[in-house]
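Have it open on your screen while you read.

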Amino acid sequence: MPELPEAETIARGLNAALAGRRVLRLRVHREEVVEPMSPAGFRRALGGRRIENVGRRAKWIAAQLDNGHRWVTQLRMTGRFTWEPPSRLSSQRHLSLSDPAAWAEVDGRLGVEPLSRRFTPARFAAIVHGSRAPIRNVLLDQNRIAGIGNIYASEACHVAEVDPRRPASSLDTEEVGRLRNAIRSVLRSAVDRRGTTFSDYRDVLGGSGEFQNLLDVYGRAGEICRRCGEQIERAVLAGRSLFYCSGCQR
């Protein structure tokens with residue numbers, strides 16, 4: 001599933017392409033794409049509306065409409081927006097959306113944005129020290145922190161030299177500070193490189209991300225840690241893989 005950097009990249013691309021444009025026509029080829037709305041209801045809600053801007057909330061992409069409503073979409077594992085150029089017969093542009101999940105109820109169940117000013121050291125410390133769950137699981141909990149997924153949780157823990165399996169409440173003040181800074185640094189770096197592409201993820205112009213070239217631990221089980229020379233390990237926690245260095249993550 002696209003995480004914060006991928007969703008941010010797509011939102012920025014859509015904002016550049018769509019802000020100020022009006023929706024002239026809509027075609028819904030699969031009803032489940034617009035659930036819980038019906039295709040007819042979706043067309044009525046979006047048809048004729050002007051898109052004021054496109055932004056992001058956690059892993060969701062939100063287009064602000066001129067009537068005060070929002071069109072909110074999550075791309076799941078293989079969803080993709082494609083911005084198509086005008087044809088020789090028309091100056092109109094076409095935006096296609098394949099294999100997503102659209103849902104309007106977002107803000108009420110999401111935690112703090114990790115790149116926002118509200119993600120203060122004190123707030124992060126309260127989140128961490130308020131749970132005995134493994135710190136990786138706390139970072140993935142969208143009710144606590146919005147937008148972090150498995151890739152960037154693994155990378156941030158490695159940058160901070162924290163074992164992702166440790167109980168969150170066991171981290172001391174210095175470790176909490178290092179991890180908060182690592183989260184923000186890793187996410188910003190990934191946004192600058194348009195996210196991570198392994199297979200399906202593309203931006204709105206069809207381009208791939210580049211952050212996969214900078215991954216230190218994620219997907220590198222059995223390889224050597226570039227920092228300390230020990231082996232990268234893979235473990236399964238709550239049914240999901242995690243990656244860490246057996247030498248420098250304590």
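1. The buried residues of α5 (150–159) are covered by a set of elements that includes α1 (4–18), α4 (135–140), α6 (173–192) and β8 (240–245). Helices here are DSSP runs of H or I with at least four residues, strands are runs of E with at least two, and both are numbered from the N terminus. Of the 10 residues of α5, 9 are buried: N150, I151, Y152, A153, S154, E155, A156, C157 and H158. Buried means under 20% relative accessible area, exposed means over 50%, and partly exposed is in between, using a 1.4 Å probe and protein chains only.

2. A word on where this comes from. The model is predicted, so local features need pLDDT of at least 70 and side-chain atom pairs count only at pLDDT 80 or more, while totals for chains, interfaces and linings use all residues. Residues are numbered from 1 along each chain as its sequence is written, and side-chain values use heavy atoms, with hydrogens and water left out.

3. How do α5 and α6 pack? Two packed helices are described by the angle between their axes and the distance between the axes. For α5 and α6, the axes come within 8 Å and cross at roughly 130 degrees, which makes the pair oblique. The axes are lines fitted to C-alpha atoms, for helices over the stretch in contact, and the angles run from 0 to 180 degrees between N-to-C directions. As for the wording, under 35 degrees is roughly parallel, over 145 roughly antiparallel, 65 to 115 roughly perpendicular, and the rest oblique. The crossing of α5 with α6 is right-handed; that is the clockwise case, whereas left-handed means the near helix is turned anticlockwise from the far one by less than a right angle.

4. Now the residues at that crossing. From α5 come Y152, E155, A156, C157 and V159, and they meet L179, A182, I183, V186, L187 and A190 of α6; contact means heavy atoms within 4.5 Å. By class there are 10 nonpolar residues, no polar ones and 1 charged. Nonpolar covers Ala, Val, Leu, Ile, Met, Phe, Trp, Tyr, Cys and Pro, charged covers Asp, Glu, Lys and Arg, and the others, Gly among them, are polar.

5. Helix α1 packs on α6 too, at an angle of about 40 degrees with the axes 8 Å apart. This pair is therefore also oblique, and the crossing is right-handed. On the α1 side the contact uses L4, P5, E8, T9 and R12, and on the α6 side L187, A190 and V191. These residues divide into 5 nonpolar, 1 polar and 2 charged.

6. P114 is worth a click. This proline sits in the loop between β6 (101–102) and α3 (121–129) and is buried, with a relative accessible area of 0%. Leaving out residues up to four places away in sequence, P114 touches L4, F119, I145, A146, I148, I183, R184 and L187. P114 and R184 are 70 residues apart in sequence, yet their C-alpha atoms are 6.6 Å apart.

7. Two backbone spots to check. Most residues other than glycine have a negative phi, and most peptide bonds are trans. E161, which follows α5, has a positive phi near 60 degrees; E161 is in the loop between α5 and α6 and is partly exposed at 35% relative accessibility. R194 also has a positive phi, about 65 degrees, although it is not a glycine. R194 lies in the loop between α6 and β7 and counts as partly exposed at 30%.

8. What does the side chain of T197 reach? It reaches the backbone nitrogen of G209, at 2.7 Å. T197 is in the loop between α6 and β7 (232–237), and at 10% relative accessibility T197 counts as buried. Beyond four places in sequence, T197 touches R202, S208, G209 and Q212.

9. Last, E84, in strand β4 (80–84). At 33% relative accessibility, E84 counts as partly exposed. Setting aside neighbours within four places in sequence, E84 is in contact with R93, H94 and S96.

Definitions and conventions: A polar contact is a pair of N or O atoms within 3.5 Å; within protein, one must be able to donate a hydrogen and the other to accept it, and residues adjacent in sequence count only if both atoms are side-chain atoms.
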